[in-house]
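Please open the model in a viewer and follow the selections below in order.

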Amino acid sequence: MSGKTLTKAEIVDYIYEKTEKNRAEVKVLVDNLLEIMKQAIKRDNSLLISGFGKFDAYDKRARKGRNPQTSDSIVLPPRKVVVFRLSRKFRAELNPDEEL
Amino acid sequence: MNKSELINTLAESRDIHADEASAVVNSFIDSIKQALVDGDRVEIRGFGSFKVKGYKGYTGRNPKSGEVVNVAPKRLPFFRPGKELKEFLNK
């Protein structure tokens with residue numbers, strides 16, 4: 001663990017080096033791409049990126065919760081949550097010595 | 001939606017060639033994967049963050065056959081959706 005964090009700006013730099021576009025253009029493209037990804041997760045409840053993984057959105061029902069500070073009983077509203085499931089290929093890349 | 005639909009939608013939205021959109025999407029994914037393979041965190045404001053957690057190996061048992069199996073140590077990525085994505089999905 002090197003403790004580094006890859007940010008959007010660095011992703012833009014990486015793509016900039018791989019393509020013949022200028023930085024500003026790449027930044028617009030990355031923002032567009034993220035917007036499309038968000039829309040897809042919302043609309044289809046699923047975004048599959050082969051070789052990487054799948055973003056799945058699913059509905060959580062309303063449930064009773066409690067404010068841990070005041071211990072007041074509250075109803076948590078139903079909501080949509082998103083999870084990431086990694087692909088077999090990416091799992092193998094993260095774990096080169098693992099036998100599947 | 002899958003990756004090729006993602007590429008086509010990006011190409012249409014910016015009026016660029018599908019090959020260019022493909023290069024952008026693939027480099028985008030590669031940069032994230034590479035960071036995670038290196039053990040780094042990834043943080044995309046408004047979308048979410050990824051980090052890799054390491055798990056120690058252990059000796060387990062196949063619950064059906066009772067057979068002893070060795071589970072190797074592994075690294076798995078975790079995604080935490082950002083505030084904007086959570087709000088967007090629920091609006």
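Begin by selecting helix 2 (residues 23-44) of chain A together with helix 1 (residues 3-14) of chain B: their axes lie 10 Å apart and they pack at an angle of about 125°. Axes are lines fitted to C-alpha atoms, for helices over the stretch in contact, with angles running from 0 to 180 degrees between N-to-C directions. Helix 2 of chain A and helix 1 of chain B are therefore oblique to each other.

This is a predicted model, in which local features need pLDDT of at least 70, side-chain atom pairs count only at pLDDT 80 or more, and totals for chains, interfaces and linings use all residues. Residues are numbered from 1 along each chain as its sequence is written, chains are lettered from A and ligands numbered from 1 in the order in which they are written, and side-chain values use heavy atoms, leaving out hydrogens and water.

Next, display the side chains of Val28(A), Leu29(A), Asn32(A), Leu33(A), Ile36(A) and Met37(A) in helix 2 of chain A, which meet Leu6(B), Thr9(B), Leu10(B), Ser13(B) and Arg14(B) in helix 1 of chain B. Contact means heavy atoms within 4.5 Å. The residues of this contact comprise seven nonpolar, three polar and one charged.

Now select helix 1 (residues 8-18) of chain A and helix 2 (residues 18-37) of chain B, which pack at about 130° with axes 9 Å apart. Ile11(A), Tyr14(A), Ile15(A) and Lys18(A) of the former meet residues of the latter including Val24(B), Phe28(B) and Asp30(B).

Finally, select Lys33(B) and Glu93(A), whose side chains meet in a salt bridge (3.0 Å, N to O). The term denotes a side-chain nitrogen of Lys or Arg within 4 Å of a carboxyl oxygen of Asp or Glu. Between chain B and chain A, three salt bridges are counted.

Technical notes: Helix = DSSP H or I, 4+ residues; strand = E, 2+ residues; numbered from the N terminus. Parallel < 35°, antiparallel > 145°, perpendicular 65-115°, else oblique. Nonpolar A, V, L, I, M, F, W, Y, C, P; charged D, E, K, R; others polar.
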